[in-house]
Amino acid sequence: MIDGINSFARRIPTWVVYSAYLIPAVWLFYQGVYGGLGPDPVKALEHELGKTALQLLIIGLCITPLRRFTGLNLIRFRRAIGLLAFTYVVLHLLVWAFLDVQSLSRVAQDIIKRPYITIGIAAFVLLLPLAATSNNWSVRKLGPAWRKLHKLTYLAVILGGIHYIWLVKGIQIEPLVYMAVILGLLSLRLVKTPKRGPAARPNR
């Protein structure tokens with residue numbers, strides 16, 4: 001069954017993944033303009049964009065464990081998912097800065113004075129070099145260093161989870177569930193999968 005799913009996944013072009021996740025962003029903006037996001041559409045839009053970004057980062061974390069433990073190979077979509085996550089982070093920040101705060105001086109003040117915003121900006125800064133090097137030329141140019149650089153994703157997604165927990169008022173289950181999933185997926189990277197030994201040679 002896994003082989004069948006892998007075969008089907010290889011036939012799916014990456015633009016399908018981009019479309020599947022960019023259309024919701026357009027829909028969210030449409031709802032915000034036409035009153036579909038409640039009494040405070042800017043806050044709702046900001047929240048949904050940020051949450052989708054975190055979800056995409058978590059989906060990206062799932063890809064390696066799925067291949068290691070189940071054989072499901074979705075590696076070819078990892079770059080698209082990472083770039084989509086970065087896109088949603090940028091949209092989240094733009095809505096916050098230009099529609100919510102509406103003042104560059106206040107943006108700077110909030111980054112300095114509000115720890116949850118400081119953490120969110122730190123996660124964004126970590127994602128910048130990852131987005132900039134998510135292309136074939138960078139992979140060839142950086143060589144083995146490319147993989148090391150992209151491990152910054154782990155720290156960025158942890159900071160994103162902390163940002164979400166700190167952002168909400170009081171103790172809420174959803175952000176804690178997100179953080180538990182993040183830590184669980186990262187811990188799976190510490191689990192060693194048994195290596196298959198060389199196949200026995202037939203006796204002559």
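This report looks at a helix pair, a nonpolar core and one phenylalanine in a predicted model.

Start with α4 and α5. Helix α4 spans residues 78–101, and helix α5 spans residues 104–113. Their axes come within 9 Å and cross at roughly 125°. The two helices are therefore oblique to each other. The crossing of α4 past α5 is right-handed. On the α4 side, Trp96, Ala97, Phe98 and Val101 make the contact. They meet Leu104, Arg106, Val107, Asp110 and Ile111 of α5. By class, this contact has seven nonpolar residues, two charged residues and no polar ones.

**The nonpolar core**

The largest nonpolar core holds 46 residues. Six of them touch the most other members: Leu54, Ile58, Trp96, Leu127, Val157 and Ile182. Several helices, including α2, α3, α9 and α10, each supply at least two residues of this core. The largest share, 12 residues, comes from α4.

Leucine 54 touches Val157, Gly160, Gly161, Tyr164, Tyr178 and Ile182, leaving out residues up to four places away in sequence.

**Phenylalanine 124**

This residue sits in helix α6. Is phenylalanine 124 buried or exposed? Phenylalanine 124 is buried, because its relative accessible area is 17%, under the 20% cut-off. Beyond its neighbours within four places in sequence, phenylalanine 124 is in contact with Phe86, Val89, Val90 and Leu93. Leucine 93 is 31 residues away in sequence, yet the C-alpha atoms are 9.0 Å apart.

| Helix | Residues |
|---|---|
| α4 | residues 78–101 |
| α5 | residues 104–113 |
| α6 | residues 115–132 |

Note on methods
Residues numbered from 1 in each chain as written. Predicted model: local features only at pLDDT ≥ 70, side-chain atom pairs only at ≥ 80, totals over all residues. Heavy atoms only, no water. Helix = DSSP H or I, 4+ residues; strand = E, 2+ residues; numbered from the N terminus. Buried < 20%, exposed > 50% of the residue type's maximum accessible area, 1.4 Å probe, protein only. Contact = heavy atoms within 4.5 Å. Axes fitted to C-alpha atoms, helices over the stretch in contact; angles between N-to-C directions. Parallel < 35°, antiparallel > 145°, perpendicular 65-115°, else oblique. Left-handed = near helix turned anticlockwise from the far one by under 90°. Nonpolar A, V, L, I, M, F, W, Y, C, P; charged D, E, K, R; others polar. Core = buried A, V, L, I, M, F, W, Y, C linked by side-chain atoms within 4.5 Å.
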